[in-house]
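Keep the coordinates open as you read.

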Amino acid sequence: MVHRHFGGAACVSLTVLGALALTGLPSAAAVEPPAPSFARTLGADSPSPAVLHAMKRDLRLTGAQARARLANEAEAGTRAGKLQNALGKRFAGAWVTGTTSAELTVATTEAADVSTITAGGAKAVVVKNSLADLKSVKAKVDAAAGRGLDTPVRYVDVRTNRVTVQATSRGAARTLVATAGVNRRQVQVKVSADRPRALHDVRGGDAYYIDEMARCSVGFSVTKGEQQGFASAGHCGKTGAKTTGFNKIAQGSFESSTFPGQDMSWVSVNSEWTTTSAVKGKDDKDVQVTGSVEALVGAAICRSGSTTGWHCGTIEQHGTSVTYAEGVVEGVTRTTVCAEPGDSGGPYLSGTQAQGITSGGSGDCKSGGVTFHQPVNPVLTEFGLTLKTATDESTPGVQDRPAGKWSPGKVYGTGVRVVHNGVAYECLQSHQAQGVWQPARTPALWQRV
């Protein structure tokens, strides 16, 4: 059974160029130097052949360019996190550009921040709206949109410094903006006939079947205490639904499922199944997951699904709202990766870092399309799950430790402060803490304060 398939920048003239390539990182034509410490920390210096192959095919890169891009993106994420923490409420977004993501851009609402941004190795752009302000505008637009299918997609586009409304007509978009009562100059409209639909119909990407009727794809292996299982899409099955694996052998059941609102679920598996840190790559080769560090807008991202296999694209926007026929789903990430029915629930990776779970989209893998994924970190937080990784040394139950102390298994967002071994640290990139990722050992994720 096919799975349902969900289915002018506001910049002022003061735009200053900072470092056009991250220090010590290769350009498209350069010979690669040793990977920087941030990339090495996140495993971006040793990508799997499956990831490299898909990036070369779908992003039209050489092998050297694909490797350089992953290293650059790992480095850029850390730099962006440091600058976001430094700018505070003035921060207006960050993104990478270029064939190898060699340029990091950071936006601010204050011209006085330009020197700070350029000193941090990024291109500085001064804009009118902070990221917090645009998120507030989007919240009002979302509330006004309700379940209307004429304006099915809404998101903050940090690259244009506006909220984008995708609508079936300009009239529908104008009505939505008027109803929301927001400043029209903070909103841009994209007219499209596309109506996203849910991609309906234990290694990540493998098929599984729900109540012997529908098929979806396994997302990421997880644990909850001693119980093993996997995360997937909420629209794939309701709480209590039974599952069988790709081999049609009894597998488990949905412990929790949320859809619409969000598109997340997790399935507990029986003793005949063992979870792994692997995601199914090209030619059935495994790709190992080492963490869940959220990638920047513009970063490369790859997806595995039981219908179309491995495909890559780029991250377009985080925090998107999508109206499906079944209702509104908020907080998903919009990408240029293609997908088709049956791919729902499958995993997205940037390098070795888990990003999200296939929710829905439009188009297909022949003509191209757009997909939306449910970010994985909120899934882990909502259901109290621990991501299974290749470097897994986490301890079950540590999420109950006192607040403020760094704990493996807990999801941390940019700007959160913790104490570890008597030292205070500030988070640079959203991620679930792994046992081997102690703050003092992961400068890509934590900064001492």
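A cavity is a set of grid points where a 1.4 Å probe fits but cannot get out, and a lining residue has an atom within 4 Å of such a point. The model searched here is a predicted one. Rolling a probe the size of a water molecule over the atoms shows where empty space is left.

Take the second largest cavity. It holds about 30 Å³ of space. Its lining is made of G204, G219, F220, S221, T276, S277, A278, V279, V289 and K388. Two elements, β11 (220-224) and β16 (278-280), each give two or more residues to this lining. By class, the lining has four nonpolar, five polar and one charged residue.

Now the largest cavity. Its volume is about 200 Å³. It is lined by 18 residues, and E73, A74, A295, S350 and Q353 are the closest to its centre. The elements that supply two or more lining residues are α3 (63-87) and β22 (353-364). Which element gives the most to the lining of this cavity? Helix α3 does, with four residues. The classes here are nine nonpolar, seven polar and two charged.

E73 leads on to the salt bridges. The structure holds 17 of them. E73 pairs with R69, and their closest N and O atoms are 2.7 Å apart. The two residues are separated by about one helical turn, because they sit four residues apart in helix α3. Both E73 and R69 are buried.

K138 and D142 lie in it, four residues apart, about one turn of the helix. Their side chains meet in a salt bridge, 2.7 Å from N to O. Are these residues buried or exposed? K138 has a relative accessible area of 9%, so it is buried. D142 also counts as buried, at 9% relative accessibility.

The next bridge joins separate elements. D343 forms a salt bridge with R303, with 3.5 Å between the closest N and O atoms. D343 lies in the loop between β20 (327-335) and β21 (347-350), and R303 in strand β18 (residues 300-305), so the pair ties together parts that are 40 residues apart in sequence. D343 and R303 are both buried. Elsewhere, salt bridges that share partners join R203, D206, K280, D284 and D286 into one network.

Turn to the rings. A pair of aromatic rings is described by the distance of the centres and the angle of the planes. The whole structure has five aromatic pairs. One of them is Y208 with F254, a tilted pair with 6.3 Å centre to centre and 45° between the planes. Y208 lies in strand β9 (residues 207-210) and F254 in strand β14 (residues 250-258), so this contact ties together parts that are 46 residues apart in sequence. Both Y208 and F254 are buried. Ring pairs link Y208, F230 and F254 into a cluster.

What about F246 and W273? Their ring centres are 6.2 Å apart and their planes stand at 85°, so the pair is edge-to-face. F246 lies in the loop between β13 (242-244) and β14, and W273 in the loop between β15 (264-269) and β16, so the parts they tie together are 27 residues apart in sequence. F246 is partly exposed, at 46% relative accessible area. W273 is buried, at 8%.

K248 lies over the face of Y209, at 4.5 Å from the ring centre.

Methods. Residues are numbered from 1 along each chain as its sequence is written. This is a predicted model: local features need pLDDT of at least 70, side-chain atom pairs count only at pLDDT 80 or more; totals for chains, interfaces and linings use all residues. Side-chain values use heavy atoms; hydrogens and water are left out. On a 1 Å grid over the protein atoms alone, a cavity is a set of points where a 1.4 Å probe fits but cannot get out, and a pocket is an open set with protein on both sides within 12 Å along at least five of seven lines; lining residues have an atom within 4 Å of a point. Grid points are joined across faces, edges and corners, and a volume is the space filled by probe spheres set on the points. Ala, Val, Leu, Ile, Met, Phe, Trp, Tyr, Cys and Pro count as nonpolar, Asp, Glu, Lys and Arg as charged, and the others, Gly among them, as polar. A salt bridge is a side-chain nitrogen of Lys or Arg within 4 Å of a carboxyl oxygen of Asp or Glu. Buried means under 20% relative accessible area, exposed over 50%, partly exposed in between (1.4 Å probe, protein chains only). Rings of Phe, Tyr and Trp (its six-membered ring) pair if their centres lie within 6.5 Å; planes under 30 degrees apart count as stacked, over 60 as edge-to-face and the rest as tilted. A charge sits over a ring if NZ of Lys or CZ of Arg is within 6 Å of the ring centre and within 35 degrees of the ring normal.
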